[in-house]
Amino acid sequence: MIDELKNTMPIMIIGLTILSAILSQVFSNRPKFRDYLSVSITIFAIFLVFPLLNGVLNKEVIEFTLIQISPGLNICLSVDPAGMLFATLALALWLPATIYSIGYMRGHHESNQSRFYSAFALSIGAAVGVAFSSNLITFVLFYELLSLFTYPLVIHRQTDEAIKAGRKYLAYTLTGGIALVAGTAWIYSLGIEAKFEPGGFINPDEIGHSTSLFLFFLLFFGVSIKAAVMPLHSWLPNAMVAPTPVSALLHAVAVVKAGAFGVLRVLIFVFGATTLTDIGVAPIICVLASITLVAGSMLALRHDNLKRRLAYSTISHLSYIVLGIALLGPLALTGALLHLVGHGVTKITLFFCAGAIDVRTHKQNVSQIAGIGRQMPFTMTAFTLAALSMAGIPPFILFTSKWFLGSGAVQTGMYFYMFVYMFSGVISAAYLFPIIYRAFWVKSPDFPKFGEASATIVAPLIFTSILTLAWGLIPNSPFGFFSLIEIVVSIAFEARL
Amino acid sequence: MAAVFLSTALSFLGLNHVLENGEIRYALGGWAPPLGIEYVLDNISAFVSVVVTTISLLVIYATRHIVSAEISGHLSSFYCLVLLLLAGLTGIVVTGDLFNLFVFLEIASLAAYSLVFLGGRRAMLAGYRYLILGSIGGSLYLLGVAFIYFSTGTLNMSDVLYILNQQGASSSVSAGAIFIFAGLGLKMGLVPLHFWLPNAYTEAPSSVASLIAPIMTKVAAYSMLRMFISVFPEGYLINEVPIGLMLISLGSLGVLVGSIIAISQSNLRRMFAYSSISQLGLIAIGIGLATPLSFIAALLHIMNHAIMKALLFLVVSDINSRFKSEELKSLVGIGKVMKLNMIAFTIAAISMIGIPPTAGFFSKWYLALAAIDLNQWPVLIIILGSSLLTAVYIFRILENVFVKTADSESKNNQQSIDSKFGDAHELSLLNITPVLLILAISIIAIGIFNMLIITHILEPAL
Amino acid sequence: MEEIAARFPYWFIGLLLAIGLYGMIGKRSLVKKLIGLNIFQSSIILFFVASGLKHGASVPILQHEHHPIAQDYLNPLPHVLMLTAIVVSVAVTGVALSFLVKIHHEFKNEDEETILEQLG
C-alpha cells in the first residue's frame, strides 16, 4: 500500500505545483489567502519528499508510467538518486523562495502577482519533472515546459527591455529544445529505448562512431544552453531584468540547474563514461567549460550592477559543475553534484540579499551601496556568509565541493583543471569581497536611513545563509545529500568497472 | 444546425462501426462497382469525416451570433451554402470513385467561393479569383482522371489500383498522376499554387474563414493521401513519377515561405492564413515521404491542424466581432478582458509551435521519425526549424495579448468599444468560449492520448 | 506527318487548353478570365469525348439482338461523365456570372487592376 503510494508520489508533487498554480489564479482577488495557500502547499510538498528519500536510500525502485505515447515511448516518472538530489534541492529552496517572493512582491507593489505565483509554481513543477524523468522523452517534455513556464517570469515587468530579454530567452531555450527533440527522435528511430541508466545506453559499436558523435552534440547542445556554457550563455545576464525572486529561481534552482542536471543526464546516463572516452568528446567539454569558468568570473569583475555580477558568477559556477561531470572521475563527480546543491543554496542567498537591498533602497549597483551594512545588518551578514561560501572558505558547503572537484582533477590526472578551479575561486573572492567591504566599512555621508526589509524577506535569506554553513558542516542533514551523491557516484562508475 | 449535428453523429457512428466491423462499401443507386459509383468508409475516411463534421459542428455553433451580424440578407441561404459545403467535403471523404470525387470537389468549392464572396467589397475580388484558380485546379484534376480512365478503363479507386498493379507503369498514367496532383495541390494551397489562399481567408467573413480554414484545404490534402494509398500502387508515385519528391520539396518550401511571410504580417487573419500554408507544407511532406509512419503523421496533423486553426480563427472572429479590428495592435491588453478565450488561444498557439504535451508536438514528432527513417536530413531540419519560425510569430501575438500594456488612450478606446458591444460579449461567452475550451482541452487530450488514435484507428489501415 | 494528323484532335485540345490558361492568367478583364475558364473546361470535355471515340461502332443501345458484341458499341461512360462535367462547368459559370454582376454593381467596372486601385 505504502509502496504503491510511493510510486505515485512524484506525480503528486508535480500535481501539487499545478494545484498551487490554479489556486493562485482562483484566489487572485484575495492576495493574503492566496499567499498562505501557496506557502502551505509548499510545506506539504516538502513533506512528501521524505518517504521518497527513504526509498531511494534503501535502493527501492520507484517508478510510475504516466501514459504510453506509442510503443516504446512512455511518459514515465521514476525516482533515482540523481533525480532525487535535484528534486529535493528544488523543493527545499521552493519554500524560502515562495516566502521571499511574497515579501518582495508586496514590497515592490508588483502587478500581475497571481500570474507570477502560478508561473513560479509551475516552473518548480517542471523542474521536479525534469528531475524525476526516467527517459529521454519525458525529460524533453518537462524541459520544454520549463522554458515555457519561466517565460512569463522573465517578462514579468512588461517593459520593452523585459520583452527583448524574453525573446532572447525563448530563442535560446527553444533552439536548445529543438536540438533535444531531434536527438531524441533519432535515438528512438534507432530502436533504442532511451531509458536513463548509469553508464549510458548508447553503444557506439552498435550505432556507429559518427552517429553517436553527432547525437552527442545534438543532446549536449540542447542541455548546455540552459547550463549557460559559453558561447551559449548570453540569454542569462539579459534575463536579469526579471524581478529578483525570479532571478533567484532561474539562477539558483530551476532553469540553470536543470541545464546542469541535463548535462549530468546526457553525459553519465545517456552516454556513460566509457562511451564518452571512446568518442573522445570529454576533453572538448572540459575545455569549453574551463573557458566559461574563467571568462565568466572575469566578466563578473567588470559589472557594477549587482545582479549582473551575480549572473556572470552563475555562468562561471555552472561550469564548475559541467567541468566536474566531464572530468569523468568519481571524486570530480562527487564534487560536481555537491556543487550543484551548494551553489543553489549559496546563490539563492546572494540573490535574496540583492533583492532585499533593491526593495528597501531601490539601488542596484555595487558602487551605490556603501555603508549599507549598518542599515541592514542581517541582510548583509547573510550576504557575507554566502560570499564566504562562494569563495570556497571552509567550512562552507562550496569549500567541500571545490575540495572534491580539485581532488577529482588530480585523481583523473588533469592537474591543469585544478589550477583553473583555484584561479576562478580567487576571482570569486575578488568580485564578492569588495561588496562586503564597501557595505560595512566605507562610509557614505549622504546615505539616508533605511533599516531592514520586512520579515518575510529577511527570514528566508537568513535561513538559506545558515543552510550554506549547515550543509557544509553536515552535508547529510536533513535530506541526506551526501548519501545520495555517494550512491550516484558508485552506480555511475560501477557500470564502467 | 440539426443537420450538421446529425451528420456528426452519423460519422461518429460510422467510425465506431468501421472500427468494429471493418469497412463499409455502399454502391450508389444499386449499380455494382466498378460500374456504379461506390462509397467507401474505411478507417481513414471515417477518421477524417469525424474530424470534418465535428469541427464544422463546433464552428457553426460558435459563430451563430457572428453570422447574424456579418451576413446581411437571408440567413437560411447562408446556412444552405454551409450545408452544401459540408455535403461536398464529406462526399470527397467517403467516395470511392475518381470522377465522383471531382463532382464533390466542385460542389464544395462552389459553396466555398460563394461563402467567401459574402465578405464585402474586398472579398468580391478575392472570391472571384478563388473561383478562377479553384476551377483551374478542378479542371486539372479532371484532366488527370481522363488519363487514368483511358489507360485503365475504370474510375473506381480500388479497381484502378488493381488494374495498375497488373499493368505496371505507363506514361499516360504518370501524366494523369501529375495532373491530378497539380489540381489537388492547387486546392490544397501548396506552394507555389497558394496565391488564392491568403486573400480568400483574409477577406472572407470571419465566420466563414473559421469554417473554411480548418477543413477545406485539409480535405484536399486527404484526397492526396487517398491517391497514394488507394489509387496508385505502392511506390508508383515515388519510383515512376517523382511526385513524392515534388511534394516533399514543395512542402518544405511552403513551410519556409509560409512561416517567413507570416512573421512579417500585421493582420492577424492574414498571419494565420500564411501559417496555414506552412502547416499544409508539413502535411504535404508527410504525404510525400510515403511511409506508413509519415501517413500517420500527416493524418494526425490534418486533425491537429484542423483543431488548432479552428480555435485560432474562432478567436480572431470573436475579436473582430467585438473590436472591429484584426490588427495585431488591437490585441494589446486583451488578455485581461477575455481571459478564458486567451488561455485557450495560448494552448492552441503552443501546439502550433509544437511543444509537448500538446497535439502539435506529436504530429511533428512522427513526421520527424519518418524523416529520420528515410535519412531525409534536410527535411528533418525543416520540420524542426519550422517550430522556431512558428514560435517567432506566435510569440509576437502572445506578447501583444499578455505583455504589452495599452497606453491610456487606447485603453479608454477599448473600454468604450467593450461597453458598446456588451451584448456581443455575452453572446461570445455563451457561444464561442465553451467551444474554444472544448477545442483547447481536446488539443491536450489528443496530445496525451494520441497513441489510442494511432493504434486503434490509423495503424490498421496502413 | 501522318502521326500528327492522326492526333489532330489532341493537338487542337492542347491548343484550346493553352488559350484558356492564357485567358485566365494573362487577361486583366474579369469577364475574359471567365471566358478563358470556359475554354479551358471545354477542352477537357472535348478530350474525354475524343478519347472515347471508336471508329465503326454504333450507339450503345440494344436492339433485338440476342448476342451483342461489345466491340460493336461505343463506350457510353465518357459521354455520360461529360454530361456531369458540363453541368458542373455550367454551375461554375453561373456562380461566376452572378459574382460578376455583383462586382459590376459595386465597382462599375470589370478590370482587375482598376478594381484593385479602387480598393486602395
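Trainee: How many helices and strands does chain B have?

Mentor: Helices (H or I, at least four residues) and strands (E, at least two) are DSSP runs, numbered from the N terminus. Chain B has 21 helices and 2 strands. This is a predicted model: local features need pLDDT of at least 70, side-chain atom pairs count only at pLDDT 80 or more, and totals for chains, interfaces and linings use all residues. Residues are numbered from 1 along each chain as its sequence is written, while chains are lettered from A and ligands numbered from 1 in the order in which they are written.

Trainee: What share of chain B is buried?

Mentor: A residue is buried if 20 or more other C-beta atoms, placed from the backbone, lie within 10 Å of its own. Of the 462 residues in chain B, 63% are buried.

Trainee: Which residues have the most contacts inside the largest nonpolar core?

Mentor: Such a core joins buried Ala, Val, Leu, Ile, Met, Phe, Trp, Tyr and Cys residues through C-beta atoms within 7 Å. The largest one here has 402 residues, and A:Ala90, A:Val322 and B:Leu311 have the most contacts inside it. Helix 14 of chain B (residues 292–323) gives this core its largest share, 21 residues.

Trainee: What does B:Leu311 touch?

Mentor: Contact means C-beta atoms, placed from the backbone, within 7 Å. Leaving out residues up to four places away in sequence, B:Leu311 touches B:Ala344, B:Phe345, B:Ala348, B:Leu436, B:Leu439 and B:Ala440.

Trainee: How many residues of chain C are in contact with chain B?

Mentor: 24 residues of chain C meet 22 residues of chain B. On the chain C side, helix 4 gives the most, with 12 residues.

Notes
A residue is buried if 20 or more other C-beta atoms lie within 10 Å of its own, exposed if 12 or fewer, and partly exposed in between; C-beta atoms are placed from the backbone. Two residues are in contact if their C-beta atoms, placed from the backbone, lie within 7 Å.
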